[in-house]
Amino acid sequence: MYERYTESARLVIYYARDEALIRGADAIEPGDIVLALAHLAPHPGSLFEILQRNAAELRTILGSGPAIYGPPARREIPLSNIAKRALAFAAIEGRRDHRYAIDREHLLRGVLRADGVTASKLARSGYTLSAMRRASRKAHQLTPDSVAPPGWKPRSISRWWGLLSAAILLLT
């Protein structure tokens, strides 16, 4: 399931599980994914630098204070339905950027699209879907997607390519 995820995006899912275990929850929620994004050290100037600096404020905004104390019991817990929908939206956001790899910014944008409650809480702090898309677009101009397998094309490009090749066949 996670073969398209970058290493840092996989770590976000791992830390989200830890966040859910610390709360004593039975499933990983979108708020856990957002808090997990604040765990990883950001690149200087990235959109996650603000997330990491405001991690305590985010925890307060999301209403996700630790419910249990001590290290969490290591066990596997599933993603909630809303979190699964957020990961599906993250894949869509990756395709929207014409990227094969799903990275941390796609996860954040997926949460903002999937969960209205979390998105509205984050919007109060300036984390909106449009702002994250702009920041993501700026970051993607600097880093090419080098992990795409040969022949992979986003749907929109492959659809236009199919129409173009059909037109060429009709004209010849």
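The exercises below concern a predicted model.

**Exercise 1.** Which residues of the largest nonpolar core touch the most other members, and which elements give two or more residues to this core?

Solution.
- Step 1. The largest nonpolar core has 33 residues, and those touching the most other members are Val-12, Ile-28, Ile-33 and Leu-107.
- Step 2. Two or more residues of this core come from each of helix H1 (7–23), helix H2 (30–37), helix H5 (81–96), helix H6 (104–114), H7 and helix H8 (129–142).
- Step 3. H1 gives six residues, the largest share.
- Step 4. Take Ile-33 as an example: beyond its neighbours within four places in sequence, Ile-33 contacts Val-12, Ala-16, Ile-28, Ala-83, Leu-107 and Val-111.

**Exercise 2.** Is Asp-32 buried or exposed, and what does its side chain contact?

Solution.
- Step 1. Asp-32 is located in helix H2.
- Step 2. Buried means under 20% relative accessible area. Asp-32 has 1% relative accessibility, so Asp-32 is buried.
- Step 3. The side chain of Asp-32 makes a polar contact of 2.7 Å with the side chain of Arg-23.
- Step 4. A polar atom of the Asp-32 side chain also lies 3.0 Å from the backbone nitrogen of Glu-29.

**Exercise 3.** Which residues of helix H7 are buried, and why are they on the same side of H7?

Solution.
- Step 1. Helix H7 spans residues 116–123, and its buried residues are Thr-118, Ala-119 and Leu-122.
- Step 2. Around the axis these residues cover an arc of only 100°, so they lie on the same side of H7.
- Step 3. As a general rule, an α-helix has 3.6 residues a turn, so residues three or four places apart point the same way.

Definitions and conventions:
Residues numbered from 1 in each chain as written. Predicted model: local features only at pLDDT ≥ 70, side-chain atom pairs only at ≥ 80, totals over all residues. Heavy atoms only, no water. Buried < 20%, exposed > 50% of the residue type's maximum accessible area, 1.4 Å probe, protein only. Helix = DSSP H or I, 4+ residues; strand = E, 2+ residues; numbered from the N terminus. Arc of directions from axis to C-beta. Core = buried A, V, L, I, M, F, W, Y, C linked by side-chain atoms within 4.5 Å. Contact = heavy atoms within 4.5 Å. Polar contact = N/O pair within 3.5 Å; in protein donor to acceptor, adjacent residues only side chain to side chain.
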